[in-house]
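Good morning. I will take a few minutes on one complex, and the sequence and structure come up now.

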Amino acid sequence: MTKRANGEPMKRIYLDHIAGTPLHPDVVDAMLPYLKEKFGNPQSLHSIGQEALEAIEESRDKVARLINAESADILFVSSGSEANNFALKGLAFAHQSRGKHIILSSIEHQSILHSAKYLEKFGFRFSHIPVDEYGLVDPEDVRKAITDETILVSIMLANGEVGTIEPIGEIASVCRDKDILFHTDAVDAVGNISVDVRALGVDALSLAGNQFYGPKGSAALYVKKGRRILPFIDGGIQESGRRAGTEDVPAIVGLGKAAEIALQEMESRMERMKTLRNKLMKQLPQAVEHVFLTGHPERRLPHHASFCVEYVEGEAMLLNLDLKGISASSGSACTSRALKASHVLLAMGIDHALAQGSLVFGIVDEATSEDIDYLLDAFPPIIERLRKMSPLYTQYLEEKKK
Amino acid sequence: MIYTEKVMDHFQNPRNVGTMKDADGVGQVGNPVCGDMMTFYIKIKDNHIDDVKFQTFGCGAAIAVSSMVSEMAIGKTIEEALKITNRSVAEELGGLPKNKMHCSNLGADALHKAIENYQERQKAKQDPPKKSEDKESCYCPYCDGPIEGMENYCEMCKVEFEDCPECNKPMNKKADKCPHCGATKVRV
């Protein structure tokens, strides 16, 4: 347990779901044998290898069930970022003879946006669909952006920084009408809300285990049967030849177990998360002045509460919260050290200065109502102290006097 | 922890925070766009820095650097204080993460700007005031980083500039409000 400077154990409240959830104890138990005696390589013909093969195929079934897919359409990869790279690059290259235009939203994850930059070097062209003040994409805008050259649309299912859930079913139907492939980055959504690839009508979907109590390094890409995709790692015949490399059996087993639990507990987990989240979403702006909710107030992930705190900077808030034992983030973990204001908040039209005060809480399963109370108590003095030393707050107070 | 113990100490217990009503010099650097903004106030007595107050909007490093600079400056002569460099501040703090060195640049710059402001005021008392050359144009108005090569583009914060129609100083092409004069750009 973490200790304070004076030796007392410190309270630890983890509210950084978007950076990764803790492992479910049953997931750890399921994984352990594959880190120990069941160490075989699934491609080996001997029984130790076959045991591992059985385990990963069982996991494939479980992941498929979570999103209502066929098992054969699940490809295991090493991270949500890999799944996104795989989808965008693999689908783009496989279908480039039809055209080289791809449509994205302006709030996609770095792994999509930077894959797009890479593809630009190969002559692909991208359109970025804007979002409204809540971070919502309008399916009509997608329809308008489609040209004869468009081969692929990739829009995320839910945004990790602001929690907004996109109208993916409608966007997928726009794409289907025009016979264009549709991929969705569902990393922040799968395992936390019900996701059904058939009902949504998507061609490809990314998911990651560390967003629903599975291990880091466990993720999958769903590619609907019949949709061509270029292999992402060339080599052996693993993952039906589309993603070579010896399988990370413990991670895959962990992902399968996490998917199984998520499916069983989805409803009750969502209810629990929502109760705590709604309390935080309502009471934090009441506890401190000039705190604004970011993202959509209703159409959002059940565990997700995000804010902009005016006149203070995100990192200073996070360090102070951490000193109180509270783990939160100011945006995607992939950008938290990049020092730049979030492209997501800017795309939503939030002012640069305000975007610097971004704060994201993601509630995890173990959190309690008392934890939220503790946060609501600890937060106001931190902000008061930071504002006292903020020249922007001083400016605001002086302007108010006038 | 990404910061040294000394940085965390200055971050948690910043010295000399505040404003100064009768300051002899005031210096402001940075802009919220890049995440850091500092205002330094100095009081001069017998060519010595008698007191410093500061306010900072920014990350942990920016707050710690401001505090450290204020502590280092108090008691020094003006000449000595002008010799406080970004590197000496970072060293005094036991080092800063690489991507935070930018914050230490701001700290020393803010102090130097306050001293320049004091010196200008002194000069103005002796000579009739005349318009000084605007040297800000070679620094990014958002992050205060030097602008090299392409004149209308800051490598550090990736912002493209155009001249503000009101005050002719560089402003973010995409911004609606000029950081210098506060003029609101009318979009056509």
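For the complex, the predictor gives an ipTM of 0.84 and a pTM of 0.86. Chain B has an average pLDDT of 81, and 72% of its residues score at least 70. Among the elements of chain B, the highest mean pLDDT, 96, belongs to β3(B), and the lowest, 66, to strand β4 of chain B, residues 153–154. The pLDDT falls below 50 over residues 132–137 of chain B. That stretch has three contacts in the model beyond near neighbours in sequence. Where pLDDT is low, the predicted coordinates should not be read in detail.

Now the interface. Contacts between the chains involve 18 residues of chain B and 17 residues of chain A. On the chain B side, at least two residues each come from α1 (5–12), β2 (36–45), β3 (48–57) and α2. Which of them gives the most to the side of chain B that touches chain A? It is β3(B), with three residues. By type, the residues on this side of chain B are nine nonpolar, nine polar and no charged. As I said, β3(B) is also the element of chain B with the highest mean pLDDT.

Next, helix α2 of chain B, which covers residues 60–73. Its 14 residues reach 20 Å from the first C-alpha to the last, close to the 20 Å expected at 1.5 Å a residue. Is this helix enclosed or exposed? Of the 14 residues of α2(B), 13 are buried, so the helix is largely enclosed by the rest of the structure. After α2(B) comes B:Gly75, with a positive phi near 95 degrees.

That brings me to backbone angles in chain A. Most residues other than glycine have a negative phi. A:Glu239 has a positive one, near 50 degrees. A:Glu239 sits in the loop between β8 (219–223) and α8 (249–287) of chain A. Why does A:Glu239 count as buried? Because it has 21 C-beta neighbours inside 10 Å, and the cut-off for buried is 20 or more.

The other case is A:His290, not a glycine either, with a positive phi of about 55 degrees. A:His290 is in the loop between α8 and β9 (291–293) of chain A. A:His290 has 16 C-beta neighbours inside 10 Å, so this residue counts as partly exposed.

That is the end of my part.

Note on methods. Residues numbered from 1 in each chain as written. Chains lettered and ligands numbered in written order. Predicted model: local features only at pLDDT ≥ 70, side-chain atom pairs only at ≥ 80, totals over all residues. Helix = DSSP H or I, 4+ residues; strand = E, 2+ residues; numbered from the N terminus. Expected span 1.5 Å × (residues − 1). Buried ≥ 20, exposed ≤ 12 C-beta atoms within 10 Å, placed from the backbone. Contact = placed C-beta atoms within 7 Å. Nonpolar A, V, L, I, M, F, W, Y, C, P; charged D, E, K, R; others polar. pLDDT = per-residue confidence, 0-100.
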